[in-house]
Amino acid sequence: MMKTIIDVESVLTLAFAEAEHLSREVVGSTDILVATERYITPILGQKMVDALTEGKYCDFAEKYVAPALAFAVRSVIQPAINLRLGDSGLVAPRGEAMEQPNGEAVKGLNRSLKIRTRQLLKRLSEAVEQNKGQFVEYESKCNIFNRCSIDGGVVQIF
């Protein structure tokens, strides 16, 4: 099994509401790795990610990294949850007494996930910057938020 900063249970607990009934099989360790490389590594750098994966800085990981990573994982897998690949090709899941959401509802969910993920990533970035002296492996120059930010639809490059 691959080592990851958080496990499947953490993703399900932090990024999905209790009313959203999902099986453990919906999230894989590969999904966590993809989200880590896409969203967390550009903020913390590879050395810091490696340290977190090895179990270092547990309190920081639990308070800041885990929520951001869990929502990043959900952002990555949500489109795959909405559709499934079966023997008949690509299908939309449909249960008894449920109806298919319209395109606007799906777009709204994706926008909401994007906003929440981005805010948690920004929170992580600010926390690591404020406490950078505590993390030997962290290099401030690796943090993408120190070079580029998108706030209110405005791209800022510094």
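Modeller: Rings of Phe, Tyr and Trp (its six-membered ring) pair if their centres lie within 6.5 Å; planes under 30 degrees apart count as stacked, over 60 as edge-to-face and the rest as tilted. This is a predicted model, where local features need pLDDT of at least 70 and side-chain atom pairs count only at pLDDT 80 or more. Side-chain values use heavy atoms, without hydrogens and water.

Colleague: How many aromatic pairs does the structure hold?

Modeller: There are 3 aromatic pairs. Ring pairs join Tyr 57, Phe 60, Tyr 64 and Phe 135 into a cluster.

Colleague: Why is the pair of Tyr 57 and Phe 135 called edge-to-face?

Modeller: The ring centres of Tyr 57 and Phe 135 are 4.8 Å apart and their planes lie at 85°, so the pair is edge-to-face. Tyr 57 sits in the loop between α3 (46-53) and α4 (58-82), and Phe 135 in the loop between α5 (103-130) and β3 (148-151), 78 residues apart.

Colleague: What makes Phe 60 and Phe 135 a tilted pair?

Modeller: Their planes are at 50°, with 4.6 Å centre to centre, and the pair is therefore tilted. Phe 60 lies in helix α4 and Phe 135 in the loop between α5 and β3, so this pair ties together parts 75 residues apart in sequence.

Colleague: Why is Phe 135 called buried?

Modeller: Buried means under 20% relative accessible area (exposed is over 50%, partly exposed in between; 1.4 Å probe, protein chains only). Phe 135 has 4%, so Phe 135 is buried. Phe 60, at 9%, is buried too.

Technical notes: Residues numbered from 1 in each chain as written. Helix = DSSP H or I, 4+ residues; strand = E, 2+ residues; numbered from the N terminus.
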